[in-house]
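Please keep the sequence and the structure in view while reading.

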Amino acid sequence: MADLAQLLEPLAELRGRRRAPLVLELDLTEAIIDEPAAPPVAQLLGRRRQRFADVIEGVRRGAHDPQVVALVAKVDGRSLGFAKVQEVRDAVRAFRAAGKPTVAWGESIGEFGPSTVGYYLATAFEEIALGPTGTLGLTGISMRAYFLREAADRLGIETEAGARHEYKTAVNMLTERDFTEAHREAAEHLVSSLSEQVRAGIAEARGLTAERVAELTARGPLLAGEALEAGLVDRLAYRDEVYAELLGRFGEPRLRYVPRYNRHKAAERVPAPGRQDQIALITAHGAIHSGPSRRSPVSGSTSAGSDTVGAAFRAARRDPSVRAVVFRVDSPGGSHSASDVIRREVRLTCEAGTPVIVSMGDVAASGGYYVALGARSVVAQPGTVTGSIGVFISKPVTAGLLEKLGVGTGSVDSDPHAAMFEPARRFTESEWERVNALLDAVYADFTGKVAEARGLDPEQVDRLARGRVWSGADAHRSGLVDELGGLETAVRLAREASGAESAPLRPFPRPNPVERLRPAESSEERTAAQSRLDAWGPLAELSARLGLPAEGVLSLPGDWRVR
């Protein structure tokens, strides 16, 4: 008997270990991907990266799990996109509301660099610990634009461009030497909106006034001691001290990363025999273009192809287990026709009785806003960059550069406009007529579909459009989005719209291993909804030759990343 007890002792220890309290752990200094990897190779590589849905669902799941007792997260100067930061903050605050401790720590939160958004994320936690030698990069929100007009002039390169309208400023980088009045107005308004959100969030979390936060921001960056004295952090401590104090509250708890915890819990839910209802998660991430979605095996960057996204919606309409779709859009836009194809598939899915709820990520602008127009409801975070309802086209004219280099050019053309997109010459008057006709037609189509989908009159849409970008908060006030929130809000709306109150959210489609390896037999198969590996991205050579962005004419102008 003693020998048997000795043999069973490891099993008893393992059982006790499994029943031990869990402290969830987040590493917010590492990349978090916002879509499921599709190709087999990408699936293997993606296992090493955190999925955004796993982070959000894991934190919220842990809030209601009696075995989970606390949450600890590492933060630094790097941050997720602004809207994703707000979504993580919401999840952490829900965890806190369940009465469980939350601790954020970092050696430095912006070491000799800006980290206002990173610190804004940290303030969702009940306690913030900063390394004794660290700094707090609370310096404010910044958006920077570069203007290459003078450099282009020196090289002998001109840029011919047309846009609808003054706020569609993508080509300003090549046509201007500084901000235009409209460009600066749009940028200042967006920065002001996001800055107000940050100050209000920090002030509420740290028990300060927005005015006091502004004063401290104007003084930043701050040394660790200054941050502690100002009440921006709770204590100065090293990692070992933070973990020892937190874990010591619960005896001998286990640590587990949030994504692993979420996947483990999801795997525990063994489905009953028969059809299992689900809320399908379909994504459009990156530039929108015709053809299949693509993923770089080197950088991990992705694009949204109308063939792939469209196939996913067709498969969802035919799948009886799919009760609703959450369409996650994180895209600056791209091709007009490809965006319209995706919008059409979204609308057809809704008309077939499967509600589609759009969840906007960090950026869902221009074509990224267009694809949402067929949905039942649109959800955005207050800090989502959206709108940019407009269109542009541009062409570099290299005749001056070629002349400086002593390069002659000539062409033999079958028709008057055969070489209109060649960069060696300017548009002719008749070619400009066609360019303007194209721009007017696309703008009219875009604004007309916005008016129909959002129930606005054309005059209202034109005031909101003209290429201008808006924060999610402003877009909600003006009627461009329906509700403020994140992925969880979209899932809630999808469940309510479909009546499937307990249906889980699942990436869709999820082909089995055999299906992943064999080519699709037709565009109707769900295996057609897989992205392709592509090191250079779609249409790179063509767009370079035409002087057009690879993303297409419905793309968000400029760099709207928040620092």
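## A patch on the surface

A residue is called buried when its relative accessible area is under 20%, exposed when that area is over 50%, and partly exposed in between. The model shown here is a predicted one, and in it leucine 148 has a relative accessible area of 38%, so this residue counts as partly exposed.

Leucine 148 lies in the loop that runs between strand E7 (135-136) and helix H6 (149-155). Together with Tyr146, Met173 and Leu174, Leu148 forms a nonpolar patch on the surface, and the four have about 380 Å² of accessible area together.

## Helix H14

Helix H14 covers residues 336-351, which makes 16 residues, and its span of 22 Å from first C-alpha to last is close to the 22 Å expected at 1.5 Å a residue. Among its buried residues are Ala338, Ile342, Val346 and Thr349. Just after H14, glycine 353 takes a positive phi of about 100°.

Threonine 349, found in this helix, has a relative accessible area of 0%, and because that is under 20% it is classed as buried. Leaving aside neighbours within four places in sequence, threonine 349 is in contact with Phe313, Arg317, Val325, Thr354 and Val356.

In soluble globular proteins, nonpolar side chains tend to be buried together. The largest nonpolar core here has 56 residues, of which Leu26, Leu71, Tyr119, Leu136 and Leu232 touch the most other members. A second, separate core has 50 residues, including Ala364, Ile393, Leu464 and Ala465.

Terms used:
Residues numbered from 1 in each chain as written. Predicted model: local features only at pLDDT ≥ 70, side-chain atom pairs only at ≥ 80, totals over all residues. Heavy atoms only, no water. Patch = residues over 30% accessible without salt bridge, like charges linked within 9 Å, V, L, I, M, F, W, Y side chains within 5 Å. Areas by Shrake-Rupley, 256 points an atom, 1.4 Å probe, with all protein chains shown as cover. Salt bridge = Lys/Arg side-chain N within 4 Å of Asp/Glu carboxyl O. Helix = DSSP H or I, 4+ residues; strand = E, 2+ residues; numbered from the N terminus. Buried < 20%, exposed > 50% of the residue type's maximum accessible area, 1.4 Å probe, protein only. Expected span 1.5 Å × (residues − 1). Core = buried A, V, L, I, M, F, W, Y, C linked by side-chain atoms within 4.5 Å. Contact = heavy atoms within 4.5 Å.
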